[in-house]
Amino acid sequence: CNAISDTKFGLIKILKECADSSLVSVNDNQSNNFISLYPNPVQNYMYINANGDNIEDIIIFNMLGLKIKKVSNFNDAQLKIDVSDLSAGSYFISINNGKQRILRYFIKQ
């Protein structure tokens, strides 16, 4: 799903436009086993392992659906994401591998 926009409410747009397409829910572990996200909770750096798939972009949203951070142009299937600039709290992370967009939840300490 390519429903990302640069609006402040990007997560809401993803959820609305991808509802019937390739968006995988937070609890759908059968469809998104290729993604591992650790540690969770995270303090400074989060690691994402896509088990060989390339990741096109990663977008982090706060619990209100506001886009906080976007990272793209990766060449490695295991990524180190700096989240030290985020305030402590709960976040959603949207991971796009070009085939589907995976939505996960994480806690920043």
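Reader: Is K69 buried or exposed?
Author: K69 is buried, with a relative accessible area of 19%. Buried means under 20% relative accessible area, exposed means over 50%, and partly exposed lies in between (1.4 Å probe, protein chains only). The model is a predicted one, in which local features need pLDDT of at least 70, side-chain atom pairs count only at pLDDT 80 or more, and totals for chains, interfaces and linings use all residues. Residues are numbered from 1 along each chain as its sequence is written, and side-chain values use heavy atoms, with hydrogens and water left out.

Reader: What does the side chain of K69 meet?
Author: The side chain of K69 meets that of D85 in a salt bridge, at 3.1 Å from N to O. A salt bridge is a side-chain nitrogen of Lys or Arg within 4 Å of a carboxyl oxygen of Asp or Glu. D85 lies in the loop between β6 (78-82) and β7, and K69 in strand β5, 16 residues apart. D85 counts as exposed, at 54% relative accessibility.

Reader: How many salt bridges does the structure hold?
Author: The structure holds two salt bridges. One of them joins the side chains of R101 and D57, at 3.2 Å from N to O. This pair links distant parts of the chain, with R101 in strand β8 and D57 in strand β4, 44 residues apart. R101 is buried at a relative accessible area of 2%, and D57 is buried at 10%.

Reader: How many bridges join β4 to β5?
Author: Five bridges join β4 to strand β5 (residues 67-72), and the two run antiparallel. Two strands pair if DSSP finds at least two bridges between them. Within this pairing, I58 stands opposite V71. The hairpin of β4 and β5 has four residues between the strands, and G65 there takes a positive phi near 90°. β4 also pairs with strand β7 (residues 89-96) in the antiparallel sense, over six bridges, and N62 stands opposite Y91 in β7.

Reader: And how many residues lie between β2 and β3?
Author: The hairpin of β2 and β3 has six residues between the strands. Three bridges join these antiparallel strands, and L37 stands opposite I48 in β3.

Reader: Which residue does a cis peptide bond join to P39?
Author: Y38 is joined to P39 by a cis peptide bond, with omega about -15°. The bond from N40 to P41 is also cis, with omega near 15°. P39 is in the loop between β2 (36-38) and β3 (45-49), and P41 is in the loop between β2 and β3 as well. Most residues other than glycine have a negative phi, and most peptide bonds are trans.

Reader: How many aromatic pairs are there?
Author: There are three aromatic pairs. Among them is the stacked pair of Y38 and Y47, at 5.7 Å centre to centre with 20° between the planes. Rings of Phe, Tyr and Trp (its six-membered ring) pair if their centres lie within 6.5 Å; planes under 30 degrees apart count as stacked, over 60 as edge-to-face and the rest as tilted.

Reader: Why is the pair of F92 and Y105 called edge-to-face?
Author: The planes of F92 and Y105 stand at 65° and the ring centres are 6.1 Å apart, so the pair is edge-to-face. F92 lies in strand β7 and Y105 in strand β8 (residues 101-108), so the pair ties together parts that are 13 residues apart in sequence. F92 is buried, at 17% relative accessible area, while Y105 is partly exposed, at 33%.
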